[in-house]
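Trainee: I have a new structure to read. Can you walk me through it, one feature at a time?

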There are 2 protein chains.
Amino acid sequence: MIMQNKRLYPAKTAQMRTDRRSFLQLGGLGLLGAGVAGVSDAAEPPSWSEAGGGFSNYGQPADTEQRTIRWISANPAVPGEGVSWTPLHELEGTITPNGLHFERHHNGVPSIDPDEWSLLVNASGERSLRYSLADLHRYPLQSRILFIECGGNSNTLWKPQPVQAAAGHLHGLVSGCEWTGVALSVLLQEAGISTQDKWLIADAMDASGVTVSLPIAKCLDDVLVALYQNGEALRPENGYPARLVVPGWEGIVNVKWLRSLSLSDVPLMSRFDTVSYTDLQKDGIAERMTFEMGVKSIITSPSVGQQLTTTGDYEVRGLAWSGAGRIQTVELSADGGRNWVPAHLQEPVLDRALTRFRLPWHWDGRAQVLMSRATDTAGARQPSRDELISAKGGNVYYHYNGICAWAVDVDGDISHVYA
Amino acid sequence: MIMQNKRLYPAKTAQMRTDRRSFLQLGGLGLLGAGVAGVSDAAEPPSWSEAGGGFSNYGQPADTEQRTIRWISANPAVPGEGVSWTPLHELEGTITPNGLHFERHHNGVPSIDPDEWSLLVNASGERSLRYSLADLHRYPLQSRILFIECGGNSNTLWKPQPVQAAAGHLHGLVSGCEWTGVALSVLLQEAGISTQDKWLIADAMDASGVTVSLPIAKCLDDVLVALYQNGEALRPENGYPARLVVPGWEGIVNVKWLRSLSLSDVPLMSRFDTVSYTDLQKDGIAERMTFEMGVKSIITSPSVGQQLTTTGDYEVRGLAWSGAGRIQTVELSADGGRNWVPAHLQEPVLDRALTRFRLPWHWDGRAQVLMSRATDTAGARQPSRDELISAKGGNVYYHYNGICAWAVDVDGDISHVYA
């Protein structure tokens, strides 16, 4: 726990506090409106008078939590083509529940009978291996808490005007789960790797024919053939019964509904390797196969759609992640980027996992602009939007990792701004 | 990663291997039946020919995963009284998905309107504070991955004969989640603590009137007023909208559907303090308020109800936890406890969280008895069943943490044995 008493702003300007105890001192009772001296304990809640509901084989969220859903933005002209967004602004902690993990489908969710399913591994020459699900369950398993982020996440921020939408509807094509599966390296070594094998071509069972090419070094390093997501079998929309999980690399290569893996001396140059998820640079050349997701952070609370009802103490909260390693620091600004203070990072801070940051914040009722910027253990710092556009140009569609800014106005309303 | 090549048994006895690579060397293709030279890649799956299913606001498990449910053992004569068990034998990793977290209700699940709910904190004298859910959301939050275990988990193992049931149906009143909430210490300090305050009395909104007494030192140490479970709002059956999470302490004190917290110089001596969750010792005296759950482990795979279909390589997998700290080691035996080898522990090994252990295992077709025993960082080692009964006597109903043994017979069937 980092405890700091440094005072960053003059007494009458916006304050971002880093001392947890100051929350109590400042917030006190009056500001929070929580204190009621001599409240009677006599009132008995109605729930004491009647037996509650029974047991369930598989539980569901409370009926009163209807806001906490994936927001679907799909193309009605193309069945099963689109995305659904994790409602990051309604969530806390670092784990995304399976029912709310983002979806990106190119032609819907295939229905796969796990008893019929098998994974084909094509080595060089004539040699192929086929693994049933029961086979894979006998292999050594590994678990890792990892983020997966779509290469297209946050892409409205490339637009000239800031889109007014909730944090999860702008940035919610990222989720974090505990994935458990067989190390891909074990299967490839069993198949046999020759010195000519430089790439792995992975394809999927869905109707869009997702096929991607992955460098063999990454495949032998840390890729999983995942069978479990947060403890239970993969969800259908997340690749049931088996998917690749490629730590830190863009969503598309985390191939769902895995069908086959083929060793190759060259990449396939499929449409997913070449057309989609590539970035047209200023010089007219498209950057391709930019697998590793950049260091990034967003403030989830307060954020667009939430309302500050009174002045006083709040906590600024958000998520940070990097495809290159762990999050080293997240800094927050309440004045549009002029002054920055370090946020608390929730331990344990894990490699290529969502990292929760938080910092007490006193809102004095003035307009101000909240921003977060993350730095990873590889030394990369999240760029400002201007820096990102200056480096990449204005024709990019994917891989936005610039700083996002929320403006708080004097009424406590929050809007998305470019600052 | 611990890599060992030590050979523990003569060549013709049961072998527990600790070298991951040996899995490949031993398992090879023949044993797993996975190798099919020259398999054709030509067959196109039916799912390539039609668009898949669409998006969903809140996802659900695959229809083919019907086995992965909570097993309900409730008393039909008393509505809402009973338990449902986490299917540990169907799960992997360390996170329990929210829909499968075990339930223990004494009079059902109350239906609580979060807008009407508030938490009353009664300090000494006349002073009381009331917190709405919106108030609590403004306080600093903390997240921790923690196990919660019912004091009655595994209690059939006190019986003279081993009950034949799946691992989750014997031991599944334990689950692990990421809990996020406000530190209880912050609320108590705000209420004001006097030197007379030695206990906190916590009560619930459910119809059974759960009320427990907790020592003030624990309350000021690490207890959370939890609002989120694996990222989303608490599930109704797990205390929505707010519950206590008391790291490492028995389930009953992790009060769900929290109603009030009252500081006191003495414990209340409620029925949950005195009658339930107490252990009648050999001398006729009941041990009460034995809050901290003992060090424990169970093998989840292979386990009762699963079938070894062929000889060859498998992985022995299970979970370990301790209310006193981190898991230091888990040892496995394949010969009923004569020889032990250390299992691999899945990193990160977290304080008072479920810890996954695994070890490759070669089954040669002979009958053998699998056991696991855990040791925690406080130095406590999980006792054998005989040691536990010798220490505690035969009249105990709760707090079973002895070693559990699974016998594998020559047909690959698995049964629960006392060994």
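**From one residue to the chain**

Mentor: Start with B:Ser333, which sits in strand β19 of chain B, residues 327-333. Keep in mind that this is a predicted model.

Trainee: Is B:Ser333 buried or exposed?

Mentor: Look at relative accessibility. Buried means under 20%. B:Ser333 has 0% relative accessibility, so it counts as buried.

Trainee: Which backbone atom lies 2.9 Å from a polar atom of the B:Ser333 side chain?

Mentor: The backbone nitrogen of B:Gly337.

Trainee: Now the sheet. What is the strand order in the open sheet of five strands in chain B?

Mentor: Read it from one end to the other: β20-β19-β23-β24-β25, with antiparallel pairing.

Trainee: Which strands of chain B are the edge strands?

Mentor: An edge strand pairs on one side only. Here they are β20 (341-342) and β25 (414-417) of chain B.

Trainee: How many bridges join β24 to β25 in chain B?

Mentor: Four, and the two strands run antiparallel. Strand β24 covers residues 405-408. For one facing pair, take B:Ala405, which stands opposite B:Val417 in β25.

Trainee: Let's step back to chain A. How many helices and strands are there in chain A?

Mentor: Seven helices and 25 strands. Of the 419 residues in chain A, 64% are buried.

Trainee: What share of the chain A contacts with a separation of 6 or more joins residues 24 or more positions apart?

Mentor: That share is 71%.

Conventions:
Residues are numbered from 1 along each chain as its sequence is written. Chains are lettered from A and ligands numbered from 1 in the order in which they are written. This is a predicted model: local features need pLDDT of at least 70, side-chain atom pairs count only at pLDDT 80 or more; totals for chains, interfaces and linings use all residues. Side-chain values use heavy atoms; hydrogens and water are left out. Buried means under 20% relative accessible area, exposed over 50%, partly exposed in between (1.4 Å probe, protein chains only). Contact means heavy atoms within 4.5 Å. Two strands pair if DSSP finds at least two bridges between them. A polar contact is a pair of N or O atoms within 3.5 Å; within protein, one must be able to donate a hydrogen and the other to accept it, and residues adjacent in sequence count only if both atoms are side-chain atoms.
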